[in-house]
Amino acid sequence: MSKMIFVNLPVTDLNRSIAFYEAVGARKEPKFSNDAAAMMVLSDTISVMLLTHDFYTTFTSKPIADAHQSSQVLLALSADSIADVDATIDRAAAAGGAADPGPKQEMGGLMYGRSFEDPDGHHWEIMWMDAKAAEQGASALEEA
């Protein structure tokens, strides 16, 4: 079985967050969703768990950070093309997110990326990389 990742995010309005993540391409999994949490499936191996603040605090004693004011993590997802990057950012903005809170990344046709914030300020990067550049690794990007 492939390793899976479940990104757990505290949200202030669960229904708003569900609608947002559906708009950017996630699918809600009803088997793991209720009034306190929603599982949003991005791929066979990546899911985002949207948790109300009350439920989130059952997993940690640390205070919940205000992602609009501070950064703790940048979440990055791959895209199949430059057009897919731009389309994802457009959908995020149309659904109430903030487009391009970070700099656009254009690296000589080898890599392209943009970012968005969800309504709670969680920062996502959407990245496309040329397959040949990916095979070469970081050296391809350093030479660009």
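Which residue in S3 is the bridge partner of Arg27? The partner is Val41.

## Basis of the model

This is a predicted model, in which local features need pLDDT of at least 70 and side-chain atom pairs count only at pLDDT 80 or more, while totals for chains, interfaces and linings use all residues. Residues are numbered from 1 along each chain as its sequence is written, and side-chain values use heavy atoms, with hydrogens and water left out.

Helices (H or I, at least four residues) and strands (E, at least two) are DSSP runs, numbered from the N terminus. Two strands pair if DSSP finds at least two bridges between them.

## The four-stranded sheet

Four strands form an open sheet in the order S1-S4-S3-S2. The pairing is mixed. Strand S1 (5-11) and strand S2 (27-29) are at the edges. Each has a single partner strand, so one side of each has no neighbour in the sheet. From one strand to the next, the twist averages 30°. Angles run from 0 to 180 degrees between N-to-C directions, and the axes are lines fitted to C-alpha atoms, for helices over the stretch in contact.

S2 and strand S3 (residues 37-41) run antiparallel and are joined by three bridges. The Arg27 and Val41 pairing belongs to this part of the sheet. In a regular strand, side chains alternate between the two faces of the sheet.

## Helix H1 across the sheet

Helix H1 (residues 14-23) lies across S1, S2, S3 and strand S4 (46-52). H1 runs at about 5° to S3. Contact here means heavy atoms within 4.5 Å.

Asn15 sits in helix H1. Is Asn15 buried or exposed? Asn15 is exposed, at a relative accessible area of 61%. The classes are: buried under 20% relative accessible area, exposed over 50%, partly exposed in between (1.4 Å probe, protein chains only). Asn15 and Leu50 are 35 residues apart along the chain, and their C-alpha atoms are separated by 9.7 Å.

## Strand S9 and its partners

Strand S9 (residues 123-129) is mostly covered. Six of its seven residues are buried. Strand S5 (residues 74-78) runs parallel to S9, with five bridges between them. Within that pairing, Leu77 has Ile126 in S9 as its bridge partner.

Strand S8 (residues 111-117) runs antiparallel to S9. Seven bridges join S8 and S9. Met111 is opposite Met129 in S9. S8 and S9 make a hairpin, with five residues between them. In the turn, Gly121 has a positive phi of about 90°.

## Two aspartates in the S8–S9 loop

Asp118 is in the loop between S8 and S9. Asp118 is buried, yet has no salt bridge. A salt bridge is a side-chain nitrogen of Lys or Arg within 4 Å of a carboxyl oxygen of Asp or Glu. The nearest side chain of opposite charge is Arg16, 6.9 Å away. For charge, Lys and Arg count as positive and Asp and Glu as negative; His and the chain ends are not counted.

What does the side chain of Asp118 reach at 2.8 Å? It reaches the backbone nitrogen of Asp120. Leaving aside neighbours within four places in sequence, Asp118 is in contact with Leu9, Phe20 and Tyr21.

Asp120 does form a salt bridge, with Arg16 (3.5 Å, N to O). Asp120 lies in the loop between S8 and S9 and Arg16 in helix H1, so the pair ties together parts that are 104 residues apart in sequence. Asp120 counts as buried, at 8% relative accessibility. Arg16 counts as partly exposed, at 35%.

The salt bridge count comes to four. Among them is Asp86 with Arg114, whose closest N and O atoms are 2.9 Å apart. This pair links distant parts of the chain, with Asp86 in helix H3 (residues 82-94) and Arg114 in strand S8, 28 residues apart. Asp86 is partly exposed, at 23% relative accessibility. Arg114 is buried, with a relative accessible area of 11%.

Asp100 also forms a salt bridge with Arg114, at 2.6 Å between the closest N and O atoms. Asp100 is in the loop between strand S6 (98-99) and strand S7 (105-107), 14 residues from Arg114 in strand S8. At 29% relative accessibility, Asp100 counts as partly exposed.

How values were computed
Polar contact = N/O pair within 3.5 Å; in protein donor to acceptor, adjacent residues only side chain to side chain.
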